[in-house]
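Here are a few notes to go through with the model open beside you.

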Amino acid sequence: MDEEAEEALEGSTDYKDGMKHAPEPIFLCKCLLSDDTIPPVIPPRKLRILNAVDDTETYLRDRRIPELMRFLLTKVLSDGSNDPTSYLKELLDHCMLFRAGHGTAPVLYEDKHLEAVIKSFDPGRRGWLSSGQVRRLYATLGLTLDEYCHEKISTAIIFKDIKRTQESELLSLLSAGIPVEESYSNVASYQPHHESVADRLVLFMVDGLRAESFVNYTTMPYLRSVANNYGRWGISSTQVPTESRPGHVAVIAGFYEDPSAIMKGWKENPVDFDSVFNQSAYTWCWGTYDIVDIFTKGTVDNHIFVHKFDPYDNTFSTDKNTTLLDSWVFENVRNFFYKAKSDDAVQEKMRSKKIIYFLHLLGTDTSGHTHKPKTQNFLTTVRHVDQGIKDVEKIVREFYNDDGKTTFLMTSDHGMTDWGSHGSGDDHETQTPFVMWGAGVQQAKEGPEDSYTKGMSFNHRFDIKQADLTPLMSTILSIPVPVNSIGKLPVDLLNMTLPNRAKAVYSHSRQLASQYNRKKLEVETNAISLLYKPFEPFSTKKYEEIIEFTEKLLLSGEYEELIRFSEEITQLSLAGLTYYQNYYQRPLLILVTMSFIGWILYLLKVLLEQKVNAQVEPVNLKRFSILGSHLLSNMVFLLLCFLSFYIVFAQKLPIQYYIHFLMPIFLWWNAIPSPDVWSKANRLFRRSQKINGVWIEVLCYGLGSMAMGLSFTYRWMLSIPLMGMGLWPFFSSIRNCLTTPILIMWPASCAMLSFFSFVPVVGKDVLIELVIVAGLLWLVVMTIYVLRVLLPLYNGREENRTEVVLAVIQIALLIFSLHNIYVQSRRFDQGTPVSYFYQVMSWVTAVVSLALPVASSKRLVCRLMTINTSILIFYLLLSVAHEGLFLVTLNFNVMCWVLIEFRLLHLGRVRIIDCTFDKSSVEEDKTKRSLTSIERSISSDDFRRAFFFLAYVILAFFGTGNIASLNSFEVRWVTCFITSFQPFIITGLILLKTLTPFLSVACCFRGVQYLTEAPTGYLHIIVLIYSNIMGIQLLYYVRNTGSWLEIGTSISQFVIVQVITLFIVLINQMAKVMTDFNVFNVVNKLFKSRKKYV
Ligand SMILES: [Zn+2]
Ligand SMILES: [Zn+2]
């Protein structure tokens, strides 16, 4: 107060000083001055105080705190409880629940009171009151009255109205000051009833530590001994995507974040959500900014303190020593505790209950990425973390004088594969360890060793799901479980008395129940009542009953019963939550499936029209569409459009639902062929009389496409279409026109290709010998090709000389590349500096070999051989294991296919070696042959060709499991080209490597197109049909894997499949350049034209 007065005085002297220097002032009454003309006489300090007072007043007024106090006090007094404190606590809970939309209203006047008051106004029991009486009645009760227009009002109506008014006024009082949105969408947190088992919790997040590194290695001696003696340990399973953000959210907020959140950006938080940190009294965090920032946004008002650093900062990345990252954290924690000893304000906070210390240790993740989890470097980092945790524990214990009220928890956000990546669902990625020790941990007896581990105690093990850690931590501190948490409470890990345990389990179940109820209300309010299907096992009635019943159990202290019923609430709530979260999934799934089918039908219609129009002479193309039927179908579709508009609009569904609804309608609308096409097609099929064969083919292609769809998840599924392809010649009449060598080589190479889909993903191990073997094998093929095919040609005609020269150059290049690969790999393994000469030569070899095909002649077989060899040379330079062998087999197999397709044409004397890629000759031929036919019509053979092509494309991508190489870049992969870590070049090279097998396949497919004169556009349509079948299959498969739900059913699925086809068209265009362009022809033309001018 004194200070304030002094300040005020100071202010006034300032003012006087100002007066001295200013010209003669004109004195005016203060109220005549407008605000901005008053000189700023209030000193800043006082202004601050005044502002604070003002803010406080506004806060109290906005939230109607005085009224609320009055209400609470009246309640306490009128109910006359013996234990006002606990009564008040319960009352507040009750109010919160009521505000959140469940439970009865804790109103001041109960029904009997209201009845009594009404009776006092109507002592004669007339059954009605006059409007004046009603006014007085409301005034007596202190409620505001909506005017009645009648003179006589029945007491029953008055009773109902009073009750309603009272409840709504209470609700508005309780939700005063809360934004409408927030109070609606957020679930109220449920204050737990049990006593905490610890006052504070220390959470260590060892980023990227997989369970295997903990249980199979002795590199964490301290934590292992803790886990086996007085602590507990276990495996905590995470969900895909195994990234840092979802992992941390699961541990700290208790739910598995939707993967689409990753796409929304790593650093920005798409939704504000509740967390254990948020519910704690105080939380101190140390770690990288992208992790700690996830939990410090939104409703954090000065109770979460953050110490963060930038891991991409130079101080960390210049040194390869990843222990620096963790040292930063440990050092800062140590300093913090040291400084706190002399800082009373901080110490007061640290001495309060319900607090959390959170240490994010990134070193292991970085080390795992750069050094791989099985290396000595990684183990050193892990050992360093173990030591650091031990030190921090000691500091904390000392600070609190070993009061035994601290719980420690160590876990990890996700694991890591052997090759240093994470993100997908591998066991190594999803299994993380956790160790809990300190206050409140249920002790386990000494026991046998866990057989799956190296020296871990079986009795101490307790496996959980990652999100279960959230309720566990909340229960330890007795803070509300974060409202979005869906974890189950592993209560057996905690040492609690029966009443305490029952209360904890009950509180947790109530949190889930309120979340369920909120979700239910959300769906209920928007759904059209005619279409709405509630979750029957946990209907509103049952919900109210069970909540009321368990409340009674809690009061009467029947704890075993309480646990039983709480567990039921938990189960029902979780099931109900899933039900309502997926409420629109089933209709959506049906709609997207309908879109797919509609699209397929539309494409079939296009093919059918082509077939019909190519067969029937133009004269017959007379339109005789029946206007009536057209009108009818249009009407039906229009009606459907309006109906879907209404359904989406009335239920307030998000905007993309319009697309979901309208897309299938639009596609089906277009898919229905016009009647004349129908009748012609009908005639056509009746004439051909091969209906049975057609059905078998449709079945084969359908199943094959589905197997290919499945191969996205199970790579070995690729062997099914391959097997079908290998056996196909034996089940059809074409066997007779194939020679014995082909009949042996074709199925054999198919079997070898399918073998690759069983081999582990490329990138795990390095086996440079296999690359050399692949190169040697192709060398043998090339030699045979030169000796058996090229040389006889050369003898015959002089102009094939370039062909032979090219082949010899390629053989030389291949031999040199093999030598290069071997030398570079040896040097890399021995750690000697890699020769720059060899690197430059690698670049030169790659460029030259990729440019060679355009110099080759257009002779089909020669062109394809040159292209395949060139691609193989480039591919081998980037190979580290069996993928080189794979490409050799693939090339061999595809060439066999080209040969088979050629044989099937029955061209008699024509040899395949005489066929060329020259379009002009083909066209000339065509014009000579027939003037009438516009285009060859689609035949069932084209369906087979398209299917083979799609199978090859998918094989080219998944055959060796490229995904693994795409998400982890390593210098080891590109050691022939560069040695320093340059992510852009590495990514570029690996992408090129992934693309080149496609090019091989596409070029051969072009060969087939040339041979068979297939209409290219229509072949692409057939490919599109197959990929759509794959799409439907993917849709139903992906749907089941947890959080991919949202993405799986969205329109994106549909788009992705179409994009695949677009990609296929694109590589076909690239193949066109590679097969059609000839450098000599161009030069020749240029030369000729110049000659003319001369
Ligand atoms: Zn991580
Ligand atoms: Zn990572």
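Which residue in β6 is the bridge partner of C285? V306 is.

1. Ground rules first. This is a predicted model, in which local features need pLDDT of at least 70, side-chain atom pairs count only at pLDDT 80 or more, and totals for chains, interfaces and linings use all residues. Residues are numbered from 1 along each chain as its sequence is written, chains are lettered from A and ligands numbered from 1 in the order in which they are written, and side-chain values use heavy atoms, with hydrogens and water left out.

2. On to strand β5 (residues 282–288); strands here are DSSP E runs of at least two residues, helices H or I runs of at least four, numbered from the N terminus. Six bridges tie β5 to β6 (residues 304–309), running parallel, and five tie β5 to β7 (residues 355–361), also parallel. Pairing takes at least two DSSP bridges. T283 has I356 as its bridge partner in β7.

3. Six of the seven β5 residues are buried, so the strand is largely enclosed by the rest of the structure. Buried means under 20% relative accessible area, exposed over 50%, partly exposed in between (1.4 Å probe, protein chains only).

4. Now have a look at E803, in helix α33 (residues 801–830). E803 counts as buried because its relative accessibility is 3%. Leaving aside neighbours within four places in sequence, E803 is in contact with L790, S856, S857, C862 and T866 (heavy atoms within 4.5 Å).

5. Finally, V1083 sits in helix α44, and at 48% relative accessibility V1083 counts as partly exposed.
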